[in-house]
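Dear colleague,

Please find the structure below, handed over for your reference.

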Amino acid sequence: MIDKPNILFISSDHHRGDCLSVSGHPAVMTPQLDQLSFEGVRFEQAYSTCPTCIPARQMIMTGHDSYGFGVHKYIESTRIPKEMPTLQGLLGGTGYQTQAVGKMHLFPQRCCYGFDNMIICEEGRRLEGLKRDDYEWELEEKGYQGKIWAHGVSNNQAAFRTWHLPEELHSTNWTAREACKFFERRDPTKPFFLWLSFTKPHPPYVPPLAYWEMYRDRDIPMPARGEWLDEGPIPMGIMDSWSSRNVDLVDEQIRFNIIRAYYALITQIDFQIGFVLGDLRERGLLEDTFIVYFSDHGDLMWDHGAMFKAAFYDGAARVPLIIRPHKGFDWQKHSWRRADVFSSPVALYDLMPTLLEVGGADIPPDIEGLSIFSGRKRNYLFGDCDGDHFVTDGRYKYLWHSAGGIEQLFDLRDDHKEEHNLIDSLDPKPWRQRLISFLKDKDPIVQNNELKSTPHPGNTFSRERNGWHARGAHY
Ligand SMILES: [Ca+2]
């Protein structure tokens, strides 16, 4: 008799917090995630506090914030220190069979960091000696060697097209299928912890035709455009998107088609989650499984004219977070009801202690993450990424951009698109002071109780060469 619930930890990559139909999005279709949300609870103010792949994932695994972990931007080869406990390692220590499927973005890429096993899809990254990931391996065996990336769209490019190979070979379908294979192969005497990690809707934006067609007659809403773009220096997070990827040069019609492709990729993930849940149901495991869905960060998707991540605007930093507890979960003890929607700010690094509590493992005493069940609500949530900092209470959001010392203050209730900077109409001092108090003794940008800025280069754009890093035949 297994007395612990199975844990299905589902993540995607680049899924914006607003792109759920259950949260009122006018175009995106997410029926499976909506259903999970009705059966469980949803967090409307969940944040990636360093919204780019590597730091976000390492914080999720370790329960540390970026200062506790010590990484503040995307740096390849970043390792989790050997002595630092991980979510999967601690659950394994308490009797779970632990498995990862999909994108992990770890270094070395085959280092399990506490997982019993990993079946990986790393979007073509071959670093530190990796010859191929498991996704490429299977496609090569099926005769598609040299053809996986032949759609011609890169991992960092504002472009789109439909998927060029059979739908079942798309990474989203492959990842879901590998999850089902794990359910078949698992040790039935142990509860399982499966991190099911979809690589999409991360670019390349290449949905299968069936999902692309589902959005044929859907109106694509206009992206946000801050009026602050017309007032003085433009924050570097926006400028970098324009400079390094030339996204400001993309034609408006193509912009809307990229959004359509992005929505189609989200719906594909949603349907493949349906496939995985169906497999669990047929095996009689669905009710005994604690399910979480989240994304490692979002995608600006043309908000403020920019694309991708590494910024604290809503599209990049806020993520979906849905928890659907298992059958034996004590709803009353946690004061939760089905379909509850919570608006207090939570961080991705809160998931580690939350799942340790679900699995009956000890929570490391030195982590910054707070179990969502602990009752210790956070009044303010902080984050930093590559020179940008933010703090929010769930209602207001204050941004500090070191380059140029640009401050922004948004009212998320009345201006969720963050188009109106209130820095001149609301007193920013308390917000600035909260950030200073948090960063003091941690970050050298605080000097003499003030935030130190660096020069802003002016509103001019470099045009980087080879900015897309496209993949070719990839032998
Ligand atoms: Ca990512």
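The axes of helix α1 and helix α9 (residues 252-282) come within 7 Å of each other and cross at roughly 60°; axes are lines fitted to C-alpha atoms, for helices over the stretch in contact, and angles run from 0 to 180 degrees between N-to-C directions. Pro31, Gln32 and Leu33 of α1 meet Asp270, Phe271, Ile273, Gly274 and Leu277 of α9, where contact requires C-beta atoms, placed from the backbone, to lie within 7 Å. The residues of this contact divide into five nonpolar, two polar and one charged; Ala, Val, Leu, Ile, Met, Phe, Trp, Tyr, Cys and Pro count as nonpolar, Asp, Glu, Lys and Arg as charged, and the others, Gly among them, as polar.

Please note that this is a predicted model, in which local features need pLDDT of at least 70, side-chain atom pairs count only at pLDDT 80 or more, and totals for chains, interfaces and linings use all residues. Residues are numbered from 1 along each chain as its sequence is written. Helices (H or I, at least four residues) and strands (E, at least two) are DSSP runs, numbered from the N terminus.

Helix α1 spans residues 31-39 and contains Gln35. Gln35 is partly exposed, with 17 other C-beta atoms within 10 Å; a residue is buried if 20 or more other C-beta atoms lie within 10 Å of its own, exposed if 12 or fewer, and partly exposed in between, with C-beta atoms placed from the backbone.

Helix α2 (residues 53-62) is mostly covered, with nine of its ten residues buried. Among the elements that cover these buried residues are β1 (6-13), α3 (66-69), α4 (87-93) and α11 (351-359). Just after α2, Gly63 takes a positive phi of about 75°.

Turning to the strands, two of them pair if DSSP finds at least two bridges between them. Strand β4 (residues 97-102) has six of its six residues buried. Six bridges join β4 to the parallel strand β6 (residues 192-201), and Val101 has Leu196 as its bridge partner in β6. Strand β5 (residues 117-120) also pairs with β4 in the parallel sense, over four bridges, and there Ile120 is the bridge partner of Gly102.

A separate topic is the open sheet of four strands in the order β12-β13-β14-β15, whose pairing is antiparallel. Its edge strands, β12 (381-385) and β15 (406-411), each pair on one side only. Strands β13 (residues 388-392) and β14 (residues 396-401) pair over five bridges, and Asp388 stands opposite His401 in β14. Helix α12 (residues 429-439) lies across β12, β13, β14 and β15, running at about 110° to β13.

Conventions. Contact = placed C-beta atoms within 7 Å.
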